[in-house]
Amino acid sequence: MLETTERTVTQVAHAIGFCDASHLINTFKAELGLTPSEYRRTNSPAPIPSWPSAAGVLVPSPQGPIE
């Protein structure tokens, strides 16, 4: 769930049956050696940007075309 959602760790903890985030964090770290946030950073796919990147986009010059 950590890899596929933008829910907070607290929301994930409640969704999977933990009463609070600290219990999930402690259990997760004991089992995997990482906190849920560390795991998410290293195992989640790169986020898809909601706006197109400016890289490669041609923007008209305010002075007009270059001659």
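Leaving aside neighbours within four places in sequence, which residues is Tyr-39 in contact with? They are Leu-2, Glu-3, Phe-28, Leu-32, Leu-34 and Ser-44, where contact means heavy atoms within 4.5 Å.

## Ground rules

This is a predicted model, so to speak: local features need pLDDT of at least 70, side-chain atom pairs count only at pLDDT 80 or more, and totals for chains, interfaces and linings use all residues. Residues are numbered from 1 along each chain as its sequence is written, and side-chain values use heavy atoms, with hydrogens and water left out.

## The overall layout

The protein has three helices and zero strands, and reading along the sequence gives the pattern α-α-α. Helices (H or I, at least four residues) and strands (E, at least two) are DSSP runs, numbered from the N terminus.

Of the 67 residues, 12% count as buried. Here buried means under 20% relative accessible area, exposed means over 50%, and partly exposed is in between (1.4 Å probe, protein chains only). Among contacts with a separation of 6 or more, residues 24 or more positions apart account for 32%.

In soluble globular proteins, nonpolar side chains tend to be buried together. The largest nonpolar core here has seven residues: Leu-2, Val-9, Val-12, Ala-13, Ala-21, Leu-24 and Phe-28. The elements that give it two or more residues are α1 (9-15) and α2 (21-32). For the record, a nonpolar core is a set of buried Ala, Val, Leu, Ile, Met, Phe, Trp, Tyr and Cys residues joined through side-chain atoms within 4.5 Å.

Take Leu-24, which lies in helix α2 and counts as buried because its relative accessibility is 5%. Neighbours within four places aside, Leu-24 touches Val-9, Val-12, Ala-13, Ile-16, Phe-18 and Pro-36.

## Where α2 meets α3

Helix α3 covers residues 36-43, and it packs against α2 at an angle of about 60°, with the axes 9 Å apart. Axes are lines fitted to C-alpha atoms, for helices over the stretch in contact, and angles run from 0 to 180 degrees between N-to-C directions. The two helices are therefore oblique to each other; under 35 degrees would be roughly parallel, over 145 roughly antiparallel, 65 to 115 roughly perpendicular, and the rest is oblique.

On the α2 side, the residues are Leu-24, Ile-25, Phe-28, Lys-29 and Leu-32, and they meet Pro-36, Glu-38 and Tyr-39 in α3. By class, that makes six nonpolar, no polar and two charged residues. Ala, Val, Leu, Ile, Met, Phe, Trp, Tyr, Cys and Pro count as nonpolar, Asp, Glu, Lys and Arg as charged, and the others, Gly among them, as polar.
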